[in-house]
Amino acid sequence: MTTKDIELLINSAETAMENAIAPYSGFKVGASLMTKTKRLYSGSNIENPSVMLSTCAERIALMKALTSKKDTLKAIAIVSSDGAYCFPCGACRQMLFEFAPDISIYLKSKEGIKRFSIQELLPNPFIRGRLNMEAR
């Protein structure tokens with residue numbers, strides 16, 4: 001990833017964050033995925049009074065990318081309204097690993113940008129082979 005690619009990815013996540021629906025927590029999150037051909041897919045968190053029905057920005061961006069079936073996922077950027085590093089939750093980490101096991105994760109805060117591999121953030125993923133069944 002070039003510096004320009006990372007900047008584009010972060011800017012896309014920041015734009016997505018503005019569309020977050022977070023009336024209960026006020027904690028807005030934006031995420032943007034970049035494919036190998038530099039296509040961007042963004043998402044923002046959406047809250048619901050029934051907390052289990054809320055959806056993370058990362059998973060929304062991932063679902064958009066997966067349903068387009070256009071390209072391999074290369075990187076994701078995640079930003080939040082509080083200006084601190086916003087790490088993906090466990091469910092998002094597992095989903096990212098399942099569909100993009102080589103993805104780079106860029107987090108932006110007031111202090112700068114940090115890069116992680118999905119393996120760093122999810123060192124012991126649940127893997128398909130443990131299910132004793134093939135993907136259908």
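At 7% relative accessibility, Asp 5 counts as buried, where buried means under 20% relative accessible area, exposed over 50% and partly exposed in between, with a 1.4 Å probe and protein chains only. This is a predicted model, in which local features need pLDDT of at least 70 and side-chain atom pairs count only at pLDDT 80 or more, while totals for chains, interfaces and linings use all residues. Residues are numbered from 1 along each chain as its sequence is written, and side-chain values use heavy atoms, with hydrogens and water left out.

**Salt bridges**

- A salt bridge is taken as a side-chain nitrogen of Lys or Arg within 4 Å of a carboxyl oxygen of Asp or Glu, and by this rule the count comes to two.
- Asp 5 forms one of them with Lys 38, the closest N and O atoms being 2.6 Å apart; this pair links distant parts of the chain, Asp 5 in helix H1 (residues 3–17) and Lys 38 in the loop between E1 and E2, 33 residues apart.
- Helices (H or I, at least four residues) and strands (E, at least two) are DSSP runs, numbered from the N terminus.
- Lys 38 counts as partly exposed because its relative accessibility is 43%, and the phi of Lys 38 is near 70 degrees, a positive value in a residue other than glycine.
- Most residues other than glycine have a negative phi.
- The side chains of Lys 108 and Glu 14 also meet in a salt bridge, at 2.7 Å from N to O, and this pair joins strand E4 to helix H1 across 94 residues of the chain.
- Lys 108, at 29% relative accessibility, counts as partly exposed, and Glu 14, at 25%, counts as partly exposed.

**The sheet**

- Five strands form an open sheet in the order E2-E1-E3-E4-E5 with mixed pairing, two strands being counted as paired if DSSP finds at least two bridges between them.
- The edge strands, each pairing on one side only, are E2 (40–44) and E5 (112–117), and neighbouring strands of this sheet are turned by 20 degrees against each other on average, direction ignored.
- Strand E1 (residues 29–35) pairs with E2 in the antiparallel sense over five bridges, and Leu 33 has Tyr 41 in E2 as its bridge partner.
- E3 and E4 run parallel and are joined by four bridges, with Tyr 106 in E4 as the bridge partner of Ala 77.
- Strand E4 (residues 104–109) is mostly covered, as five of its six residues are buried.

- H2 lies across E1, E2 and E3 and runs at about 145 degrees to E2; axes are lines fitted to C-alpha atoms, for helices over the stretch in contact, and angles run from 0 to 180 degrees between N-to-C directions.
- Glu 58, which is found in helix H2, is buried yet has no salt bridge, the nearest side chain of opposite charge being Arg 59, 6.5 Å away.
- Contact means heavy atoms within 4.5 Å, and Glu 58 touches Ala 31, Ile 76, Ile 78, Pro 88 and Cys 92, not counting residues up to four places away in sequence.
- Cys 92 is also one of the buried residues of helix H3 (residues 90–99), which are Cys 92, Arg 93, Leu 96 and Phe 97; they cover an arc of only 135 degrees around the axis, which puts them on the same side of H3.
- What covers the buried residues of H3 includes helix H2 (57–68), strand E3 (73–80) and helix H4 (118–121).

Conventions. Arc of directions from axis to C-beta. Lys, Arg positive; Asp, Glu negative; His and termini not counted.
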